[in-house]
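Please keep the sequence and the 3D view open while reading.

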Amino acid sequence: MHFRSINDLYRDVWRGLSRLPQDIDLVVGVPRSGMLPASMVALARNLPLADIDGFAEGRLLSSGHTRREEGTASWFAHVLVIDDSCRTGASMQEARAKLAHLDCRITFAAVYGAPGKSGGADFVFETVPEPRVFEWNVLHHPIVSRSCFDIDGVLCVDPTERENDDGARYLNFLASAVPLHRPRREIAMLVTSRLEKYRAPTEDWLDRHGVRYGQLRMLDLPDAAARRRLRAHGSFKAEVYREAACDLFVESELPQARDIARLSGKPVLSLQDPQMLMPGMMNPQAIRHTLAPRRFRARVGRMVSRVLRAG
């Protein structure tokens, strides 16, 4: 399982900047995922930014005072259209069709491509073998339907220490937990260290928030004290995952993710410091992330926040 994080995306875009044509005067992103690298390139080159439909209609996204302010898309001579990845070429073909009426030079690019395939792009920054998943869209990828998902810290926020009292406060948390991620596909299996006695409020919350899933596996112990005494969180999830016909486990906490990968012998995606943990081998994504300078990671975080606000 090959994985790229937002940190990886930023690094790979930055490395590829010098290989892009120098006369590009506008960057156009393919919504939605392509808007991330498009914003990175536009910020680095100090160029205006647009989305496909907006550019086709002559509109640009608003910009700060450091950008050029010609104001419409009609004057650009060389445009870069970029997506996060290409595989079959369908997205690139659709983008080409939408912009075919424009009288300007257009270069089509993707940050990630498949080995031996152009995917309809003129320029690919890096090839990534399949199967592959990306941090920014993994929770909406078809692999969701072949995955086990944790609940707390993935689908909803984690309970606070005060809420996690195995009593009235915890029941209130189960009823009112704030949603966190909402996969648009049906999840193969939810595997949680929540206790079996809390199945009814858990199922009620999932139903109210439109979470679709095949099975719900919960820890069958009498109370939270027994769970803590047995340290059953990771081992329980690993046992279920090992026997399940699933290709990925999505876990909220990095230490548990390591345990699940080690005990199950299968890949686990940790959403904490997002990285793919592969059993029995060093993890290059984890190494890169651990060694990344703090200032670099902070810059990536600020950039992602700008993109999300613009969207």
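## Terms and model

Contact here means heavy atoms within 4.5 Å, and helices (H or I, at least four residues) are DSSP runs, numbered from the N terminus. This is a predicted model, in which local features need pLDDT of at least 70 and side-chain atom pairs count only at pLDDT 80 or more, while totals for chains, interfaces and linings use all residues. Residues are numbered from 1 along each chain as its sequence is written, and side-chain values use heavy atoms, with hydrogens and water left out.

## Helix 8 and helix 9

In helix 8, His 233, Gly 234, Ser 235, Lys 237, Ala 238, Tyr 241 and Arg 242 meet Gln 256, Ile 260, Leu 263 and Ser 264 of helix 9. Sorted by class, this contact has four nonpolar, five polar and two charged residues, where Ala, Val, Leu, Ile, Met, Phe, Trp, Tyr, Cys and Pro count as nonpolar, Asp, Glu, Lys and Arg as charged, and the others, Gly among them, as polar.

The axes of helix 8 (residues 233–243) and helix 9 (residues 254–264) come within 8 Å and cross at roughly 40°; such axes are lines fitted to C-alpha atoms over the stretch in contact, with angles from 0 to 180 degrees between N-to-C directions. Helix 8 and helix 9 are therefore oblique to each other, since angles under 35 degrees count as roughly parallel, over 145 as roughly antiparallel, 65 to 115 as roughly perpendicular and the rest as oblique.

## Helix 5 and helix 6

For helix 5 (residues 168–176) and helix 6 (residues 199–208), the axes come within 8 Å and cross at roughly 25°, which makes helix 5 roughly parallel to helix 6. Leu 171, Leu 174 and Ala 175 of helix 5 meet Pro 201, Thr 202, Trp 205 and Arg 208 of helix 6, and these residues divide into five nonpolar, one polar and one charged.

## Cavities

A cavity is a set of points on a 1 Å grid over the protein atoms alone where a 1.4 Å probe fits but cannot get out, and its lining residues have an atom within 4 Å of a point. The whole structure holds two cavities of 30 Å³ or more, a volume being the space filled by probe spheres set on the points, which are joined across faces, edges and corners.

The largest cavity, of about 40 Å³, has a lining that includes Asn 164, Asp 166 and Arg 227.

Methods. 1 Å grid on protein atoms, 1.4 Å probe; cavity = no way out; pocket = protein on both sides within 12 Å on 5 of 7 lines; lining within 4 Å. Helix = DSSP H or I, 4+ residues; strand = E, 2+ residues; numbered from the N terminus.
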